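Biologist: Please take one part of this model and go through it closely. Which residues meet there, and how is the part arranged?

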Amino acid sequence: MFLTGLAALAVVPTLPTAARALDGVSLYPLVAGCFVAASLLGGVLGGHWADRAGAHRPLAAGMVLAVVTLLVSGASTSVWQLAAGRFLDGLAAGMVAVAINTAIGQTYPGHVRPRALALMSTCWIVPSLVGPPLAGLVAEWWTWRAVFYGLAALTLLPALVVVALLRSRSWSATPAPSGETASRPALLVATAVSLGAALGQYGVSGWDPRHLLFTAGGLSLLVVFAPRLLPPGTWRAVRGLPATVLLCGLGSGVFFTLEAYVPLLLVTERDVPPVGIGLAFTGAAVAWAASSWVQGHLLEHWSRHRLVVTGALVLAGAVTIAIAGTFPPVPAFVAASAMVVAAVGMGLFAPSLTVLSLSHSPPGRQGYASSAMQTSQNLGQVSVLGAASAVFNAFLALGSGDPAGYGAAFGLLLVPCAVAALYAVRVRAGK
């Protein structure tokens, strides 16, 4: 998880430079969206593979693929190859994340799982502190390709060690109940959802007929195929796993939309330097890990659905802070603090939902639950960010100022926060 976090965070400040060097600035939204779209497919593939053969195999395959994709991106001669590399990277990251969550569900007793998941969150602290600024310095002083090659070199030896360790042990998955294997979504469905997410990410980058056509195509694929990757009753928030999966997508969408638009607000409206943006990201990562540690140690006796409600309310508070930060008289640090406050909410919200998803999973189906959570998380990012982008661009098209557009986009996020708080009672474990 540490290596996944380092690769994911370090390449973020490098991608714009790489796209410009490859004469593909116009396709940057596609490059940026490929990772999320592919992680949808990787999560489904890894989850069902883990249920069939144990979590060790998708974990090992994901680690090997992570090295390959970094080499593909580093050797890019066109922006399309860079996009392909980012797609493979998302595929690997989705497999690794789901495999790790599934391994926790298959091997750890229930009372230890919250601490194990909190440990996974802490693995993002150091990458968030050193990854983006170090990668930015390497890209500025040397070349952006060195970032990808350097990460591949750092990942190669640990990946080989992990593969060797996993091969040296006896791993086995709990067989799924009879008749459930046939109901698993086909890989073709996951591919269609991943493609729909990619088309949607590209489509929301413009308002001309071509972009609108891509948006319509992406939405059509998501509407038709996404429900097949999620537990029945997810859209209706049926009690148990369906409601848990739905809330995971809502919370993730709110947080990552804030993470996308708050820095943009700080850059375009407040002229905050990149160092300030980096500090906001660092503060958010540390806050998420600290909050996750608190829920796993100090609040472990709280009922999980209460922690979900608390996290949703903290997210709503962060959205309110972001709205306040759009007013010019308000200091810039107020808007930046919205990311930190939102991370506190997610540190309570996300691990609690993961624990609940595992408790709602029947024997042998932890991989299915983990992949459904991963799918919902990525779909939430795509849909909530897309809706906020549509609102923001609509305000600009109507001639409103940028602050009004930001305020409207942030205001939209209060809706999923309210839904998550209201429906948290439906994720409660037990009868």
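Modeller: In helix 4, Pro-58, Leu-59, Ala-61, Gly-62, Met-63, Leu-65, Ala-66, Thr-69, Val-72 and Ser-73 meet a set from helix 5: Gln-81, Leu-82, Gly-85, Arg-86, Leu-88, Asp-89, Leu-91, Ala-92, Met-95, Val-96, Ala-99 and Ile-100. Sorted by class, this contact holds 15 nonpolar, five polar and two charged residues. Nonpolar covers Ala, Val, Leu, Ile, Met, Phe, Trp, Tyr, Cys and Pro, charged covers Asp, Glu, Lys and Arg, and the others, Gly among them, are polar. Contact means heavy atoms within 4.5 Å, and helices are DSSP runs (H or I, at least four residues) numbered from the N terminus.

The model is predicted, with pLDDT of at least 70 needed for local features and 80 or more for side-chain atom pairs, while totals for chains, interfaces and linings use all residues. Numbering starts from 1 along each chain as its sequence is written, and side-chain values use heavy atoms, leaving out hydrogens and water.

The axes of helix 4 (residues 56-74) and helix 5 (residues 79-107) come within 8 Å and cross at roughly 160°. Axes are lines fitted to C-alpha atoms, for helices over the stretch in contact, with angles from 0 to 180 degrees between N-to-C directions. The two helices are therefore roughly antiparallel, a term for angles over 145 degrees.

Met-63 also contacts Thr-155, as do Leu-3, Val-67 and Leu-70, leaving aside neighbours of Thr-155 within four places in sequence. Thr-155 sits in helix 8 (residues 144-167). Its relative accessibility is 6%, so Thr-155 counts as buried (under 20% relative accessible area, 1.4 Å probe, protein chains only).

Methods: Angles under 35 degrees count as roughly parallel, over 145 as roughly antiparallel, 65 to 115 as roughly perpendicular and the rest as oblique. Buried means under 20% relative accessible area, exposed over 50%, partly exposed in between (1.4 Å probe, protein chains only).
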